[in-house]
Amino acid sequence: MSSMDFSLKSRQLRTAMAAAALLAAGGTAQAATVSKSAEYTCPFPLINEQPIVAEITTELPETVEVGETVGPFQVEATTLINEDSRTGLTLVGSTTLEGTAQAKQTIITPAGSEPLNVSLTIPETDIPQTTGSFEVPASGQAPEVSFDDADVGSNNTIELGNLTLDITARTADGSIAPDPIGEFVADCTLNADQDPLLHTFEVVPGGPTEDPADIAVTPEAVDFERTQNGLTAEQTVTVANEGDLSLGINNVTLSGPDADRFMQSSDCTSVAGGQSCTVTVTYFAEGDATHNATLTIDSTDADESSVEVPLSGESFTEKVPMISVDPTEVDFGTVTVGQTQQQDLTVENTGEAVLNVTSVSVDGDTSLSLVNNGCVNVNAGATCPVTVAYAPTTEGTNTADLTIESNADGNPVLTVPLTGEGGTGSTVDFLLDVEGQSMIEANGGTLPLNGTIDAVLNLSTRMYEADLTLEKTSGTFRIIRFFSHLKAQADVAFEQVGKTTGSLIDGTLTSKSKAYVEVPKVRVSLFGFGLPIGGGDECRTAEPVTINLESPEGETFKPLEGGNLTGTYELPPLENCGALTDIINQLMAGPGNTIDLSLTPQL
């Protein structure tokens, strides 16, 4: 990211903080971890608006002083791209993407608010060719900055804004993918139902060069959990000095109702600035009981001279099984009707005796079900798998409970809520020109074919429906029976029955169409004249023709580029074609007819 030159140092601070807001790893000593998930809506070519999720984790200062230098900040961003967007990219043969991102934030200080843009580079990233969402990284850098008295205040904030993606998608040979996916700019909007606040920080006036002693104790509480009678357990407590001046440790003591069940030892006397010491606490388990005490640390910290750390432990004489499950609830999110999604859960025996699982079941909406139960007898500390599935049949919310019954101590019936939302997938419209021919087996002649197909493809199911329109055509055939020395010419029209349906999976297009074949006129050439021998307004096949087509083996069909289709079909007998209907059927009807089509995008 290029440096930004502002006349006010306070503006420099805003630049750095805005960059950090895009997943920066900060360079300040006094920093706090900030985590946030931001949801955006992005208008992508072909598939319209799609959701993306940016995961934000960064180190940002909670307090900074006037005159202090902050940074530089390295910016690392990860964006989750959903399955429909991945499918839209692969429809034109894209295998990688790259580009830049411009993120907009607002920095609010006592000096006012100011919008800022932060530039990130998106490296070449592989687009998975298998189903599922995928992550796209981005990186950049903001310069080190300082700030002045104009920014002093305790409620300075960083708020997320919109995002602009400038993407180039490439095919396997490195060339830019076809329009409109090859190169596009998406102005993504931060979803309005979110709190845009990322971080609050304080700017304080410049202070002394050395901070006073400042005690920090971790962990804030010590739990020894379950310990068998007669055994001991040991944990350590870290005492740190986060100030500059030396911290004196005056006393470390134990108190409370069960202080005699604990013992402490330490090397803590004087702790220099930025250093630490340790207190070792030992728990002596006895009987079947819960024991509690308090570890107290007295120091020279002027603001917090005494710190108390609660201690607890559970002693037991009989080993028992205990149960836990991860995750504790399952939300499948939105799943397209007709599709199935599975979720694995891990059941763990956190006790000391064998866990006997007697029943695993799913009760509730039948679209949620148990797929696999690998839990019977689970040893102490071991795990076993359980798999549930969601297969919505209608749109709407579905709920159920996964119930695990066992001999677990204190929790013999464990329930895991299951939920999912049945929905429809995103769709893409394609309008293609159709050109080709059909060979009629009965007479060896061909019919040229021209028309259009208007298709709507569901990106989730890979299924489509289409309106197929074929223009009126005509063909010349040799009559090989009765009038073998003559040539016949037939006019042919098509009346579609219902929708053309099919699928586009892994580059292979299949289709199924039904249509009545109409023959308004059949004539023979005799002495240079066209002699009608049949046809008419009601001359057509007795039943609709069913034509099944598929991409030729080894060829890939791409909706934005087109492709080829081939197939065979049987032409049913014609009826209502006049006195010579039987002869016309000999000329036209029968099996073994072939069709070859080329589909190209309509300009």
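Modeller: A salt bridge here is a side-chain nitrogen of Lys or Arg within 4 Å of a carboxyl oxygen of Asp or Glu. By this rule, the predicted model has nine salt bridges.

Colleague: What makes Glu 83 and Arg 462 a salt bridge?

Modeller: Their side chains meet at 2.8 Å, N to O. The cut-off is 4 Å. The pair therefore qualifies.

Colleague: Why do you say that the pair ties together parts of the chain?

Modeller: Look at where the two residues lie. Glu 83 is in helix α2, residues 83–90. Arg 462 is in the loop between β31 (445–458) and β32 (463–470). The parts are 379 residues apart in sequence, so the pair ties them together.

Colleague: Are Glu 83 and Arg 462 buried or exposed?

Modeller: Both Glu 83 and Arg 462 are buried.

Colleague: Which residues are linked in a network with Arg 462?

Modeller: Glu 83 and Arg 86. Salt bridges link these residues and Arg 462 in a network.

Colleague: How do you know that Asp 467 forms a salt bridge with Lys 499?

Modeller: The closest N and O atoms are 2.9 Å apart. The limit is 4 Å, so the pair counts. Asp 467 sits in strand β32, and Lys 499 in the loop between β34 (487–496) and β35 (500–505). These are distant parts of the chain, 32 residues apart.

Colleague: Why is Asp 467 called partly exposed?

Modeller: Its relative accessible area is 35%. Buried means under 20%, and exposed means over 50%. Asp 467 falls in between, so it is partly exposed. Lys 499, with 42%, is partly exposed as well.

Colleague: What makes Asp 491 and Arg 523 a salt bridge?

Modeller: The side chains meet at 3.4 Å, N to O. That is within 4 Å, so the pair is a salt bridge. Asp 491 lies in strand β34 and Arg 523 in strand β36, residues 508–526. The pair ties together parts 32 residues apart in sequence.

Colleague: Why does Asp 491 count as buried?

Modeller: Asp 491 has 13% relative accessibility. The rule for buried is under 20%, so Asp 491 counts as buried.

Colleague: Now Ser 406. Why is Ser 406 called buried?

Modeller: Ser 406 has 10% relative accessibility. Ser 406 is in strand β28, residues 396–406.

Colleague: What does the side chain of Ser 406 reach?

Modeller: The backbone nitrogen of Ala 408, at 3.2 Å. Leaving out residues up to four places away in sequence, Ser 406 touches Ile 323, Leu 355, Asn 356, Val 357, Thr 358, Asn 411 and Pro 412.

Note on methods: Residues numbered from 1 in each chain as written. Predicted model: local features only at pLDDT ≥ 70, side-chain atom pairs only at ≥ 80, totals over all residues. Heavy atoms only, no water. Helix = DSSP H or I, 4+ residues; strand = E, 2+ residues; numbered from the N terminus. Buried < 20%, exposed > 50% of the residue type's maximum accessible area, 1.4 Å probe, protein only. Polar contact = N/O pair within 3.5 Å; in protein donor to acceptor, adjacent residues only side chain to side chain. Contact = heavy atoms within 4.5 Å.
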